[in-house]
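Hi,

Here is the structure I promised to pass on. Have a look at it first, and my notes on what turned up follow below.

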There are 2 protein chains.
Amino acid sequence: MKLPTPRKVRRVTVVGTGVIGTSVALALQRSGVRVWLTDHDEEALSEAVRMGAGTPLPDPAPRADVVVVATPPSTVATVLSDAQQRDLGTVYTDVASTKSRIITQVEQAACDLTSYVPGHPIAGHELSGPTAAHPDMFDSRPWVLCPHPATAPQALRTTASLITLCGARPTILSPEVHDQMVAAVSHVPHLVSAALAARFAAADEHTLSLAGKGLQDTTRIARGAPALWRDILQHNAHPIATVLEAIVHDLSEAAQALRATDQEALTDLLTRGNRGREHILNVLHPTSTG
Amino acid sequence: MKLPTPRKVRRVTVVGTGVIGTSVALALQRSGVRVWLTDHDEEALSEAVRMGAGTPLPDPAPRADVVVVATPPSTVATVLSDAQQRDLGTVYTDVASTKSRIITQVEQAACDLTSYVPGHPIAGHELSGPTAAHPDMFDSRPWVLCPHPATAPQALRTTASLITLCGARPTILSPEVHDQMVAAVSHVPHLVSAALAARFAAADEHTLSLAGKGLQDTTRIARGAPALWRDILQHNAHPIATVLEAIVHDLSEAAQALRATDQEALTDLLTRGNRGREHILNVLHPTSTG
């Protein structure tokens with residue numbers, strides 16, 4: 001994507017000092033940006049400040065070049081509306097992993113759409129809270145922007161500058177395409193990982209004594225915070241359900257094939273799995289598939 | 001487990017120079033054991049020899065202290081029967097990841113059961129063939145033995161010595177318990193990983209441009225060879241189907257909950273996923289869960 005000339009981003013306010021908000025703040029500070037932080041959770045705020053992510057937003061609040069709303073999906077519209085009413089910044093963006101429903105909610109909340117650029121950095125951590133944050137989290141990662149028809153070009157340009165300052169690569173997508181893609185590459189894997197890990201919810205050490213790297217890797221993301229993830233999943237419910245239903249179909253066919261000793265159905269699923277994994281590797285590690 | 005005094009294991013023949021057989025050979029050579037190799041695939045055999053895993057089994061074959069059958073599950077009984085007829089060794093073991101059906105087949109093939117110790121090292125690699133082998137593969141890993149009532153104590157003792165020489169920890173389980181545990185911790189995760197990866201079997205680069213570490217980790221084991229894995233899955237069909245049916249149940253409930261905006265069902269699955277992941281971490285990394 002060819003980027004327009006960056007508008008200077010010198011002062012940023014981050015609303016929400018969870019793992020993503022704090023990582024954005026740390027990445028921006030690394031690039032010499034002045035960062036103010038705010039969070040209704042005072043403990044999280046103190047921790048982010050202690051980690052060097054920025055200073056608490058003073059009262060009265062100074063006007064930032066960009067306000068980054070880094071709160072759970074269901075709160076973005078309210079937090080944005082409040083921030084705009086307080087005139088906290090020139091440009092506003094968010095970092096939630098779902099976009100269509102948030103944009104509808106932002107429209108319904110009568111927010112100013114010209115200054116708002118819906119966003120989503122494609123990065124994260126299975127743990128929540130500021131202590132899991134890292135300034136390198138966005139380095140070379142895609143960071144999607146889904147501008148609204150009403151979004152001002154200057155606001156889009158400024159947000160793209162912020163993304164570059166975080167070390168990431170801005171990518172423009174429609175909210176619908178974004179949501180479908182993220183359902184497949186992130187939200188569904190999360191649910192499937194949870195369903196795999198759930199088999200061991202009541203497991204003792206004996207049952208798990210044979211666990212190895214396969215189970216470790218397939219269940220890593222099942223560690224995400226349930227309340228946040230329920231919020232994310234519900235915000236992207238239908239695209240996720242569609243992919244999930246395809247997986248349920250494949251797995252129940254596999255279970256039937258096992259009961260009926262049907263070799264072909266198993267070979268077909270395993271072969272498609274091979275092919276999919278190869279595509280994933282080609283994209284993530286273009287040189288490693290040989 | 002308290003081990004009996006090791007019987008000396010000085011000469012071992014490995015039948016099958018795939019990733020596991022070659023790793024066993026490399027691990028034994030590292031401990032000063034003399035290793036002979038044989039495989040009907042001459043290319044795999046040459047590669048294993050080239051890697052320093054051992055020398056080709058001469059003809060007439062010398063008698064080994066232990067013969068390790070490292071071929072796919074459905075071939076173990078035939079290969080064992082043939083090896084015993086050729087009197088290739090004093091003690092015989094195998095490394096297949098399923099046990100009950102192999103033991104039945106070995107009984108049906110009228111093999112000598114006193115000298116045979118069914119085994120399964122809990123280690124592996126998503127790639128097949130000798131080039132993916134590594135001498136450290138079994139270091140500190142469990143290695144299950146499922147002795148038959150007819151297995152001679154001396155044969156069990158010798159196989160335990162071989163396991164120790166490979167750097168692993170011998171663990172005794174019944175074949176039924178082994179198969180159920182491995183279904184849950186290894187075979188089902190493989191199928192689920194394949195079903196996740198299968199969503200990208202026809203994916204272009206654009207669809208995958210937002211893929212990150214979550215998708216990478218959850219689909220890593222989907223790279224396994226389909227023919228070998230179909231063989232493994234069919235050999236442990238019913239224990240796998242039982243676990244898989246529970247996962248299908250959870251995931252189809254999740255899909256319904258997403259369509260119906262049912263918060264509780266989602267929270268329940270995510271919370272059980274959290275709990276299961278915590279148990280897995282407690283076993284695999286006792287110090288990292290804090």
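**How the two chains sit together**

Some housekeeping before the rest. This is a predicted model, where local features need pLDDT of at least 70 and side-chain atom pairs count only at pLDDT 80 or more, while totals for chains, interfaces and linings use all residues. Residues are numbered from 1 along each chain as its sequence is written, with chains lettered from A and ligands numbered from 1 in the order in which they are written.

**The interface**

The contact takes 77 residues from chain A and 77 residues from chain B, where residues are in contact if their C-beta atoms, placed from the backbone, lie within 7 Å. On chain A's side, helices H6 (175–198), H7 (205–208), H8 (213–218), H9 (226–235), H10 (237–260) and H11 (263–284) each supply at least two residues. (Helices are DSSP runs of H or I with at least four residues, strands are E runs of at least two, and both are numbered from the N terminus.) The class count for that side is 45 nonpolar, 20 polar and 12 charged residues; Ala, Val, Leu, Ile, Met, Phe, Trp, Tyr, Cys and Pro count as nonpolar, Asp, Glu, Lys and Arg as charged, and the others, Gly among them, as polar. The copies meet through the same surface, because 100% of the interface residues of chain A are also interface residues in chain B.

Leaving aside neighbours within four places in sequence, B:Leu251 is in contact with A:Leu191, A:Val192, A:Ala195, A:Leu244, A:Ile247 and A:Val248.

**The sheet in chain B**

Chain B has an open sheet of 6 strands in the order S3-S2-S1-S4-S5-S6, and the pairing is parallel (strands pair if DSSP finds at least two bridges between them). S3 (55–56) and S6 are the edge strands, each pairing on one side only. S4 (residues 64–69) runs parallel to S5, joined by 5 bridges, with B:Val68 partnered by B:Thr93. On to S6 (residues 116–117): S5 pairs with S6 in the parallel sense over 2 bridges, and B:Tyr92 stands opposite B:Tyr116. From S5 the chain crosses through H4 (residues 100–108) to S6, in a right-handed β-α-β crossover (with the strands pointing away from the viewer, the path from the first strand over the helix to the second runs clockwise).

How enclosed is S5 (residues 89–94) of chain B? 5 of its 6 residues are buried, so S5 is largely enclosed by the rest of the structure. Buried here means 20 or more other C-beta atoms within 10 Å of the residue's own, with C-beta atoms placed from the backbone.

**Around A:His235**

A:His235 is found in helix H9 of chain A and counts as buried, with 22 C-beta neighbours inside 10 Å. Not counting residues up to four places away in sequence, A:His235 touches A:Pro73, A:Ser74, A:Thr98, A:Arg101 and A:Ile102. The C-alpha atoms of A:His235 and A:Ser100 are separated by 8.4 Å, although the residues are 135 apart along the chain.

Cheers

Notes: Two residues are in contact if their C-beta atoms, placed from the backbone, lie within 7 Å. A residue is buried if 20 or more other C-beta atoms lie within 10 Å of its own, exposed if 12 or fewer, and partly exposed in between; C-beta atoms are placed from the backbone.
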